[in-house]
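Please open the structure in your viewer and keep the selection tool at hand. The stops below are meant to be taken in order.

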Amino acid sequence: MKLLTTLAWRNLWRNKRRTLITISSVLFAVFLAIMFLSMEQGSYERMIDSMVKYSTGYIQIQDVLYDDEPSIDNTMVFDEDIELLLNRYDEEISYYVPRLQNFVLVATENTTRGSMLIGIYPEKEKKLNDMTDDIVEGTYLEPGDDGLLIAEGLANILNAGLGDTLVLLGQGFHGTTAAGLYPITGIVDLKVPEINNNTIYMSLEAAQWFYAADERLTAIIVMPENPKRTNQLAGKISDEIDSEWYNVLTWEEMLEDLLKLMKFDMAGTMVLMIILYIVIAFGLFGTILMMMLERKREFALLFSLGMKRSKLAAICFMESVFITIIGVISGIIVSIPVVAYFYHNPIVLAGDMAEAIGEYGFEPILPFSADPSVFYNQALIVLVLSILIGLYPVYKVFKMRIMDVKS
Amino acid sequence: MKTVIKTTDLTKIYNSSVAPVKAVDKVNLEFGEGEFTAIVGPSGSGKTTFLNLIGGLDKPTEGHVMIDDTDISNMKESKLFDFRLRNIGFVFQSYNLIPVLTAKENVSFIMLLQKESKAKMEKRAVEMLEQVGLSEKVDVRPSKLSGGQQQRVAVARALASKPKFVLADEPTANLDTESAFNLLDIMSRLNKEENITLIFSTHDQRVINRARRVITLVDGAVSKDETFDR
């Protein structure tokens with residue numbers, strides 16, 4: 001094996017310039033592919049993270065009817081059984097957050113708008129999405145607070161500021177009218193435009209009073225210790241909870257439309273990737289083909305000396321894999337610092353582009369993902385490609401007739 | 001003298017698109033242990049084809065090649081590779097060495113394929129390079145050697161694994177007079193010292209003058225078989 005490896009390795013450097021050009025093409029393609037994927041995955045991660053933080057959480061326990069008909073009438077009571085159940089999985093659950101939310105009409109003197117009014121436990125909610133850092137004006141909510149924490153986008157739409165009073169009007173539990181005047185005690189920047197333009201927080205007690213839904217919740221948000229085990233944890237809770245009354249949903253089920261959109265968007269990137277992979281494949285194939293053609297008589301010599309076809313095929317195969325491995329590793333090494341830089345300093349979009357992205361409800365920034373899968377997926381794809389290309393010389397070596405290549 | 005190679009009605013016909021070509025025509029020959037034979041003849045007389053057939057590089061259309069008691073004419077390819085590795089040494093006119101290996105590695109190459117121990121292999125390679133006068137060039141790659149030196153490395157490699165016989169296809173064709181004489185001196189000496197059978201195909205009178213047996217092929221058939229006391 002050492003002999004074969006030595007021969008393959010030294011053969012690579014017989015034509016240094018050609019080998020370096022091929023390695024560079026692999027490097028460049030891997031670098032570009034990593035950049036594209038990192039940017040795309042980074043945007044998705046950010047989007048999902050924001051949606052999970054501000055909206056759905058990883059797992060929600062709801063009333064069994066709520067998902068089909070999200071009405072205040074289909075709320076649930078956080079009873080002892082559920083508490084016991086959640087305590088049983090204490091090691092797998094980081095924390096849980098109760099919420100009561102419904103749509104309301106919110107009005108100022110001149111403007112009225114439909115918005116989501118969310119009743120929260122301020123301290124527990126802080127664990128989920130530490131909004132204190134994003135407070136633009138005023139203060140964060142306190143337990144039992146009667147004031148409102150309003151999203152900055154909505155405040156701008158309503159042209160309302162700190163200390164202003166908002167009129168809230170909605171439907172309460174079992175058809176009661178929910179109405180009240182509430183002062184704005186804080187303004188928070190919720191980052192994701194779709195949420196930032198439509199959200200008001202108030203303390204859970206105040207919300208339950210407002211909706212006349214004492215002790216009731218629309219959902220309990222459960223945050224797992226390990227978000228990667230969300231589905232397993234949701235499955236366990238679902239198996240044990242009384243399914244006649246409760247429904248357990250994961251963020252993937254709740255954000256189904258967003259995930260579909262991401263998959264669709266990913267298809268466009270994949271087309272670009274395929275073009276890159278084709279470029280890599282042709283470059284590599286050209287080199288491997290040249291390396292074969294110019295060494296036909298050498299192959300005849302090796303056959304004559306008694307080297308078996310399988311060994312010669314292994315040498316040719318290793319040559320293609322070596323070029324790829326060097327190219328892939330170099331591509332990854334070059335891309336790591338670039339990805340790391342943009343991971344910590346996302347590209348901030350401005351002007352028309354920022355506006356266009358904002359209209360879709362997304363943050364106008366291009367964050368990069370530093371997830372290891374961005375790197376090793378490229379390595380694997382290009383390696384599989386090189387293995388496929390490496391099979392060509394293997395095939396040729398097994399088909400080669402000594403007398404054809406000797407003369 | 002023990003017979004190493006025996007051919008019986010050895011025939012090779014190439015099916016050219018125009019008309020079949022009989023490159024070797026019913027050749028019956030025996031080569032004894034330690035012989036120094038030159039196969040001569042004009043271009044196209046079948047010298048190289050004959051060497052390819054007895055070296056197991058090509059299959060005969062008819063007839064047989066016996067090496068000791070083994071018929072290699074119909075041997076399976078995988079067995080033939082192994083047979084060549086253990087029994088036959090080759091020296092070609094050009095493309096003789098593996099360019100990415102040093103002189104010592106080239107000489108060790110066959111022994112490496114034979115899975116000899118590293119110590120034995122290195123000792124024998126250095127010894128053979130000394131015998132061909134290249135002890136100073138042990139770690140030099142072929143591109144840094146002259147044509148004559150490259151052929152000497154090829155001879156050292158062919159003999160290093162002590163094969164039953166060595167086939168040399170026009171080994172002096174690309175060499176100047178001094179290098180050719182030098183190579184022939186070495187091969188003659190090793191032929192005598194190691195008692196290895198040498199079979200050359202050649203046009204070169206310098207080789208013919210050294211050979212103790214000269215076989216002339218014309219149109220693939222043996223036209224003359226002479227022995228000399230040299």
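The tour goes through some salt bridges and then a surface patch.

This is a predicted model, in which local features need pLDDT of at least 70 and side-chain atom pairs count only at pLDDT 80 or more, while totals for chains, interfaces and linings use all residues. Residues are numbered from 1 along each chain as its sequence is written, chains are lettered from A and ligands numbered from 1 in the order in which they are written, and side-chain values use heavy atoms, with hydrogens and water left out.

**Stop 1: a pair in chain A**

Side chains of opposite charge can pair when their charged atoms come close. A salt bridge here is a side-chain nitrogen of Lys or Arg within 4 Å of a carboxyl oxygen of Asp or Glu. Over all chains, the count by this rule is 24 salt bridges.

Select Glu125(A) and Arg99(A): their closest N and O atoms are 2.6 Å apart, and the two form a salt bridge. Glu125(A) belongs to helix H4 (residues 122–128) of chain A and Arg99(A) to strand E3 (residues 93–107) of chain A, so the pair ties together parts that are 26 residues apart in sequence. Helices (H or I, at least four residues) and strands (E, at least two) are DSSP runs, numbered from the N terminus.

Are these two residues buried or exposed? Glu125(A) is buried at 0% relative accessibility, and Arg99(A) is buried at 1%. Buried means under 20% relative accessible area, exposed over 50%, and partly exposed in between (1.4 Å probe, protein chains only).

**Stop 2: two pairs in chain B**

Next, select Arg213(B) and Asp225(B), a salt bridge with the closest N and O atoms 2.8 Å apart. Arg213(B) is in strand E9 (residues 213–218) of chain B and Asp225(B) in strand E10 (residues 221–227) of chain B, so this pair ties together parts 12 residues apart in sequence. Arg213(B) is buried at 8%; Asp225(B) is partly exposed at 39%.

Then select Glu193(B) and Arg189(B), whose closest N and O atoms are 3.9 Å apart in a salt bridge. Both lie in helix H6 (residues 177–194) of chain B, 4 residues apart, about one turn of the helix. Glu193(B) is exposed at 51%, and Arg189(B) is partly exposed at 32%.

**Stop 3: a network**

Select Lys2(B), Asp68(B) and Lys164(B), which are linked in a network of salt bridges.

**Stop 4: a nonpolar patch**

Finally, select Met270(A), Ile274(A), Ile278(A) and Phe282(A), which make a nonpolar surface patch of about 390 Å². Patches are made of residues with over 30% relative accessible area and no salt bridge, with like charges joined within 9 Å and nonpolar side chains (Val, Leu, Ile, Met, Phe, Trp, Tyr) within 5 Å. Accessible areas come from the Shrake-Rupley method with a 1.4 Å probe; for residues, only the protein chains shown count as cover. Ile278(A) sits in helix H10 (residues 256–293) of chain A and is partly exposed at 42% relative accessibility.
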